[in-house]
Amino acid sequence: MSRIVASRLSSVRLSLRARMILLAAEGLQNKEIAERLGVDRVQVAGWRKRYLEQRLAGIELDLPRGPIR
């Protein structure tokens, strides 16, 4: 995970998600992670959940946007 954050080849979004997971692994709560990274705590919770369910594959793919038909 640290390699993703440090890599210049990683997308900004993937790097942010990886930082969320690393901070969670350090024991920080969603609220603390959100404050540090300037995102919403619901967003942090969602990416943590996806990581727990699908590991790295869960944070690599963007979520669909807009209404799903």
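Analyst: Axes are lines fitted to C-alpha atoms, for helices over the stretch in contact, with angles from 0 to 180 degrees between N-to-C directions, and helices are DSSP runs (H or I, at least four residues) numbered from the N terminus. This is a predicted model, in which local features need pLDDT of at least 70 and side-chain atom pairs count only at pLDDT 80 or more, while totals for chains, interfaces and linings use all residues. Residues are numbered from 1 along each chain as its sequence is written, and side-chain values use heavy atoms, leaving out hydrogens and water.

User: At what angle do helix 2 and helix 4 pack?

Analyst: Two packed helices are described by the angle between their axes and the distance between the axes. Here helix 2 (residues 12-25) and helix 4 (residues 41-54) pack at about 80°, their axes being 10 Å apart. Helix 2 and helix 4 are therefore roughly perpendicular (65 to 115 degrees).

User: Which residues of helix 2 and helix 4 meet?

Analyst: With contact meaning heavy atoms within 4.5 Å, Arg17, Met20, Ile21 and Ala24 of helix 2 meet Gln43, Val44, Trp47, Arg48 and Tyr51 of helix 4.

User: Where does Arg17 lie relative to Trp47?

Analyst: A charge sits over a ring if NZ of Lys or CZ of Arg is within 6 Å of the ring centre and within 35 degrees of the ring normal. Arg17 lies over the face of Trp47, 4.0 Å from the ring centre.

User: How do the axes of helix 3 and helix 4 cross?

Analyst: The axes of helix 3 (residues 30-37) and helix 4 come within 8 Å and cross at roughly 115°. On the helix 3 side the contact is made by Asn30, Lys31, Ile33 and Ala34, and on the helix 4 side by Arg41, Val44, Ala45 and Arg48.

Conventions: Helices (H or I, at least four residues) and strands (E, at least two) are DSSP runs, numbered from the N terminus. Angles under 35 degrees count as roughly parallel, over 145 as roughly antiparallel, 65 to 115 as roughly perpendicular and the rest as oblique.
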